[in-house]
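Welcome to this short briefing. Please take a look at the sequence and the model below before reading on.

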There are 2 protein chains.
Amino acid sequence: MSRDLLDPPPRVISLGLDLFALALEALDVPVVHVAWSPTAGGDVRLAGQLARLEARAATIERANAEALARLTGGEPFVVDCRPAWEALELPERTVLHAGPPIAWDRMCEPMQAAVLCAIRYEEWAANDDAARRLVESDRVKLEPCHHWRAVGPMAGVITRSMPVFVVENRAFGNRAHVTINEGLGKVLRYGANDDSVVARLRWLATEAGPLLGAALRAGRGLDLRALMAQALRMGDEMHQRNVAASALLVRALLPHVARAGGRHHAVARLGEFLSDHDQFFLNLAMAAGKAMADPAAGVADATLVTTLSRNGTDFGIRVAALGDRWFTAPVAMPVGLYFPGFGPADANPDMGDSAIVETIGLGGIAMAASPAVARFLGAGGVAEAMAVTAEMREICAGEHPIFRIPALDERGVPVGIDVRRVVETGVTPLINTGIAGRRAGVGQVGAGVVRAPLGCFTAALDALVEAAS
Amino acid sequence: MSRDLLDPPPRVISLGLDLFALALEALDVPVVHVAWSPTAGGDVRLAGQLARLEARAATIERANAEALARLTGGEPFVVDCRPAWEALELPERTVLHAGPPIAWDRMCEPMQAAVLCAIRYEEWAANDDAARRLVESDRVKLEPCHHWRAVGPMAGVITRSMPVFVVENRAFGNRAHVTINEGLGKVLRYGANDDSVVARLRWLATEAGPLLGAALRAGRGLDLRALMAQALRMGDEMHQRNVAASALLVRALLPHVARAGGRHHAVARLGEFLSDHDQFFLNLAMAAGKAMADPAAGVADATLVTTLSRNGTDFGIRVAALGDRWFTAPVAMPVGLYFPGFGPADANPDMGDSAIVETIGLGGIAMAASPAVARFLGAGGVAEAMAVTAEMREICAGEHPIFRIPALDERGVPVGIDVRRVVETGVTPLINTGIAGRRAGVGQVGAGVVRAPLGCFTAALDALVEAAS
């Protein structure tokens, strides 16, 4: 029964860096390569922190199961659209903005431009100079939308007379709010600030908002989770692409809008606005996301992310076990495609509360549902889209029971980003995003993808270890 | 250099029937199976006919290229909705029906029921018995929709006071027409015939149709090809599934409907009708299909199919080189899923002009775009959907330049069914379809898939050979 040690010949399994495998392949030696990398990229301190949490793994897994159930069990209905002063009790001289808290002098230029424009729109100041003096002298307060049960795309500016959609999570009783998406072109959220921007805001506040509000109240709530599940089946990932969701929403609202709209010219103007507004639904997806994510905040020991958000300077995350604490790191620059005449030199770093969509498993996480969106990644197409979603599964705690992808034979999207897995693998969430011009008044210059910075997750990991010890 | 004949051991390639391959596999003998079958299933006469056409292959290929260019080059715009007496100059006492021509006594029961109900609706007779006497005494004429620049789903009944959409092919100047889809439940097209059916027809004629017509005229034409290309990217194959196209259409029409609708209750009623009507667009896809297919009729020597249609008794096809001639064979029974309380015993054989959608490369041909629809096939899912579209490529002359499928990395749908390839392979077009109850008054009982019968194609092949000799 003796057998030559090298018969059959040795076979090679290569782990980690692919250099060794590539060298063998060049020599025609059969090799199986396993993409393995050391925990936390070989960072001994972080590996130690992960090991400390590992000692409490059973407790954490139970907590994460609870957090995941909350994150995926929400039932968001849009029930109203009304002014922020009424829905949020937002006071005078307060401007909400996207992302984690940030002081005026650290704000990027498009966000500053949006803040000043909103102050003019509210008529707290007659021009940008006067508006700037109000902010610099603390007579206008700046606060994150997220601290006010609200979210805002890009600059995310909300002031009291702006109408906001009211989204109610009927499973948990909480509410979330968001402004009406202004459309493309020169819009406040991208830091545009001319008269056309203010005029559109006035129309939204005086005609479109009240009409949408009346229609929504008459409709007694529209089930956003069902609509989003349907739109996901139609190629929307609901961050970069919202055409299906927007069209489904308009169709669902049409009878109520018609019934509410006594003056049919108002209905026609709203219809005109909606008729080719492919991103209209984005804001509702965001409010639905916040309504679904908020109940997961405060679950003790849970290491799942409840907020991903950016203010154009910092990227901030919040984690279930750690409630309202923000963990921030410098925000990255999106990579993507630019409108004619613009390029990376014109781009502002990543901005907006819209990554709440990724927080609930959509957007970049659900790229497999939207091969068309994958073109922002490079070659694009089906394989690249599938690869993104597959990679996101590595850092997520579960699969969504409602948000499913037909191209994956109805498999649910990955959901529940686990801080531990992010640090362990070094894989951070991929976010689909618009790109703002870095100068005031320019507006959108492109669209692309961006990674959440690892620093937010390592900071959160340290805090989780500290909280557990 | 001598070498043992059986070292390496023999390897097996199996052609044709898979029995041999399966037997070897059971014995663990490695085998490569190639699904090959003899031309025309081994039918010597048909193989001879194909060989006769093969002698003229270069002429036929040139003709087919022209026919394909017409079939895929159409630019269908929906421009109006107005009564059939006006749009089609349809006279009194004429009832149009789906499919190839058929005498009253050979019509299936749901089609007869729809014809009689339409006669009551037009008030040419007070009840079904009186209506039947009019038909049997030739005082009401029965003609195919296809002979009147029109198409109709299922029974496909059109009479003069029914409003029809007007679709203009702006590349070729021809027009096609179709009724407004009535929705689900008890509807004329499925052979339902009670008072609710007539009441809905009256509302369509007196309120919905005029309002849609005014909106379309104000909109100066809506590009259906662009809308259909978009909807195909959103999971619609536009026969069984039209949810994206319907929602996009409603969104596009909204401002014009609002502006046209002086009485806002009419707009609200129309909105209510449209708000969850996922198949509303089907009829427009059909009219677009006919508008795109008609210019390919009459291209000498071309062997591509220009019409697929069924009247519930016969399946009929028409072929480019042979103009208006029909080639018929007994229609098959769809296979699919039934509504609760119904089964195959309740089903009428395949019916309707809706297979014009497959004629232009959508519906069953484009199954890969709609994995959700593939569940009517059996196990369903992505693999089965992909397999159907791959099989359809075998019988199609080309790929559509505009109708593309993201899940196939933007590859065009197969289009241009070639009679020669169908006979050669024995593969006939797969059609997605609704299933009507076989008794009058029942309505829809299910939905599924059906194959066009081979007999239509062999008859057309014979006529092609005869025309060429």
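Two strands pair if DSSP finds at least two bridges between them; helices (H or I, at least four residues) and strands (E, at least two) are DSSP runs, numbered from the N terminus. This is a predicted model, in which local features need pLDDT of at least 70, side-chain atom pairs count only at pLDDT 80 or more, and totals for chains, interfaces and linings use all residues. Residues are numbered from 1 along each chain as its sequence is written, while chains are lettered from A and ligands numbered from 1 in the order in which they are written.

**A sheet in chain B**

- In β14(B), B:Gly352 is the bridge partner of B:Arg310.
- Strand β10 (residues 305-311) of chain B runs antiparallel to β14(B), and 2 bridges join them.
- An open, antiparallel sheet of 4 strands in chain B has the order β12-β11-β10-β14.
- Its edge strands, each pairing on one side only, are β12 (327-330) and β14 (351-352) of chain B.

**Where the chains meet**

- Chain A and chain B each bring 29 residues to the contact (C-beta atoms, placed from the backbone, within 7 Å).
- On the side of chain A that touches chain B, α9 (243-260), α10 (264-275) and α13 (381-393) of chain A each supply at least two residues.
- The most comes from α9(A), with 10 residues.

**Around A:Val164**

- Leaving aside neighbours within four places in sequence, A:Val164 is in contact with residues including A:Cys81, A:Leu88, A:Ile158 and A:His177.

Note on methods
Two residues are in contact if their C-beta atoms, placed from the backbone, lie within 7 Å.
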